[in-house]
Amino acid sequence: MVARGHEDTVLKVEKNKVKPPRMFKVVLLNDDFTPMEFVVLVLQTFFAKGQEKATQIMLKVHIDGMGLCGIYSSDVAETKVKQVTAFARKNQHPLKCVMEEA
Ligand code: TYC
């Protein structure tokens, strides 16, 4: 911000120092055991994807080894990873969900 002082002096009142928040990708990894329908359910339940989009992402993970679920602030990304991991383990699936800085 710039303000004019007494003799029209230009004073730097404050630096524009607001940085954008760090953002994190939440990613699903492929494995040989987790059922496809379970992965679709995870994408619908925790990442608000519709049936079609969830199926697309699941197949992308199945083929490429990984796929993007969404991009979030660190707190939200951490919560998603924990929720998905807990849900997978509760159902005895080895599904891996991780976060990485975007
Ligand atoms: N590869 C799994 C299968 O053939 C399906 C799968 C997809 C697993 C995505 C994990 O993140 C995953 N049943």
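**Ligand contacts and the sheet beside them**

Student: How far does a polar side-chain atom of Asn-30 lie from a nitrogen atom of the ligand?

Tutor: This is a predicted model; local features need pLDDT of at least 70, side-chain atom pairs count only at pLDDT 80 or more, and totals for chains, interfaces and linings use all residues. Residues are numbered from 1 along each chain as its sequence is written, and side-chain values use heavy atoms, with hydrogens and water left out. For Asn-30, the distance is 2.8 Å.

Student: How much of the ligand's accessible area does the protein cover?

Tutor: A backbone N or O atom of Leu-29 lies 2.8 Å from a ligand oxygen, and one of Asp-31 lies 2.7 Å from a ligand nitrogen. On its own the ligand has 350 Å² of accessible area (Shrake-Rupley method, 1.4 Å probe). The protein covers 89%.

Student: Which element supplies the largest share of the shell around the ligand?

Tutor: Helices (H or I, at least four residues) and strands (E, at least two) are DSSP runs numbered from the N terminus. β3, α1 (36–47) and α2 each supply at least two shell residues. The largest share, three residues, comes from α2.

Student: Which strands stand at the edges of the sheet?

Tutor: Three strands form an open antiparallel sheet in the order β4-β3-β5, where two strands pair if DSSP finds at least two bridges between them. Seven bridges join β3 (residues 23–29) to β4, and Leu-28 has Gly-67 in β4 as its bridge partner. Each edge strand has a single partner, so one side of it is left without a neighbour in the sheet. The edges are β4 (66–73) and β5 (96–101).

How values were computed
Polar contact = N/O pair within 3.5 Å; in protein donor to acceptor, adjacent residues only side chain to side chain.
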